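Please consult the structure below while reading.

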Amino acid sequence: MNPIESGVAEKATITLTNPPATHQTAGPVRPRVLILGGGFGGVRAARELRRADVEVTLLDRGTGHVFQPLLYQVATGLLSEGQITTPLRAMLRRQRNARVILGEARTVDPAARRVVASRPDGSTFELSYDYLIVAVGMRQSYFGHDEFSRYAPGMKTIGDALAIRRRVLGAFEMAESLPTAEERGPWLTFAVTGAGPTGVELAGQIRELATRTIAREYRSIDPRETRVLLFDGLDAPVPQFGEKLSAKAAHRLAKLGVELHMGVLVTNIDDTGLETKGKDGTVTRYDARTVLWTAGVHAVPFVDELAARLGAEQDRGGRIQVRPDLTVPNHDNVWVVGDIMALSGLPGVAEVAMQGGIHAGREIRRRVAKRPRSRRDFRYHNLGSAAYISRFHALVKAGPVELSGFTGWILWGGIHLTFLAGARNRAGAAVTWLLTLGRGKRRERAIPFGDPRGPQDSFPGACS
Ligand SMILES: Cc1cc2nc3c(=O)[nH]c(=O)nc-3n(C[C@H](O)[C@H](O)[C@H](O)COP(=O)(O)OP(=O)(O)OC[C@H]3O[C@@H](n4cnc5c(N)ncnc54)[C@H](O)[C@@H]3O)c2cc1C
């Protein structure tokens, strides 16, 4: 039950003065801006307010800003989690008007201008605001089949990427000690559902890991025989890149050894594999001990709570319908930005989130400075998109410009290095990529003990 409604909040929550007394300047109290979410949208909004006469509080359930577009490289042992994450505190350390709080937003009381959040130990606290920016992002969606998540992890967080790494590397280890080819086969079969950029990147990387990095490291199995199956209900991979680039991606993936199963729906997943249904109704079963899910996204649960509290409309993906200036109808002081905003069909990509965060920050700056014409509509500048296919091959689409192959790959690298936060991360990623391309080595292959698909860190049935 909602802590505010239940009245339990009075006892259980502590009101946190935001900002703390030590941060307050002498004189009149400055307007409080509360930003929920330290992803692309939230961080850009906070930075945009660095010179504004406001007190900024950034709340996130994690301590780091995660560069999600490279999660698949963490999952396949190429980059470490530290190379794609930057501590939020470090990012905002020089911004004197900003502070970072670790907590998960649970509910909002728009009349009292207050958000209730929980700490990692479950206790709760309140944060007050004059202006609220919500940028809490999406989670994986299983299209009403949440039971699939038990067998097929998605990829939205660092935890997801590390869980996938454990499953993928653990599967090769399982296969190595099994006595027969029949038993080894399902462990050397990897199924990826969803042929959008993430699914394509993941499938390609698993094949490259198997055929280049670990090809000669095992004695019983030949990792080069690894099967990677890619499933999607649509007829071609990465359709958002247009027909020509999509065909190039399909061709490149096939050359890499990824088996494309397009135009089929995944109808069931269990511990040992999955079932698909074709357009003609044919049901096919695939034995695969590793199934990974990248097929859909839905707003995180807090967004439903927020929408209910604000009386806002949501689309099928749970996104909140915003006005052209990114505020929520009837709530002039609440902006919703990034993946969770629904506006004119804008896609859930990093650029939309970053530009949305900057827009919201700018609007607040103008209002605080009491400038006339303070209300401006959000205008998105589409800078294009990119997807990695395999070594030396990537797709880039920017307006009429369509690139693939090596040129696309160079541009893809440049784009990712530009937007990856932190000079050290950028240098680390660039060096790692160069080494991997040349020698195929992947250093980030540490995984915990135990069943690669289970939560335990010891072997089931082990002596205690
Ligand atoms: C695997 C993958 C690959 C991608 N590849 C690309 C790509 O190549 N190009 C591209 O443009 N886009 C890509 N995207 C999409 C891009 O990452 C998102 O569009 C972008 O991250 C959205 O930014 P955001 O600020 O809306 O949300 P996010 O970046 O998701 O940030 C949301 C933040 O909110 C926090 N949060 C969530 N719930 C709460 C809560 N209740 N309380 C407090 N904090 C909370 C989270 O911890 C997180 O830090 C990819 C996404 C994924 C998952």
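At roughly what angle do the axes of helix 8 and helix 9 cross? The model is predicted: local features need pLDDT of at least 70, side-chain atom pairs count only at pLDDT 80 or more, and totals for chains, interfaces and linings use all residues. Residues are numbered from 1 along each chain as its sequence is written.

The axes of helix 8 and helix 9 cross at roughly 25° and come within 10 Å. Helix 8 is therefore roughly parallel to helix 9 (a term for angles under 35 degrees). Residues V200, A203, G204 and R207 of helix 8 make the contact with A249, L253 and L256 of helix 9; two residues are in contact if their C-beta atoms, placed from the backbone, lie within 7 Å.

| Helix | Residues |
|---|---|
| helix 8 | residues 197-213 |
| helix 9 | residues 242-256 |

Helix 9 also contains A254. A254 counts as exposed because it has 11 C-beta neighbours inside 10 Å (exposed residues have 12 or fewer other C-beta atoms within 10 Å of their own). Between A254 and G204 the C-alpha to C-alpha distance is 9.6 Å, although they are 50 residues apart in sequence.

Elsewhere, six strands form an open sheet in the order 6-3-2-10-22-21, with mixed pairing; strands pair if DSSP finds at least two bridges between them. Strand 6 (98-102) and strand 21 (327-328) are the edge strands, each pairing on one side only. Strand 21 runs antiparallel to strand 22 (residues 331-336), and two bridges join them. The bridge partner of T327 is W335 in strand 22.

How values were computed. Axes are lines fitted to C-alpha atoms, for helices over the stretch in contact, and angles run from 0 to 180 degrees between N-to-C directions. Helices (H or I, at least four residues) and strands (E, at least two) are DSSP runs, numbered from the N terminus. Angles under 35 degrees count as roughly parallel, over 145 as roughly antiparallel, 65 to 115 as roughly perpendicular and the rest as oblique. A residue is buried if 20 or more other C-beta atoms lie within 10 Å of its own, exposed if 12 or fewer, and partly exposed in between; C-beta atoms are placed from the backbone.
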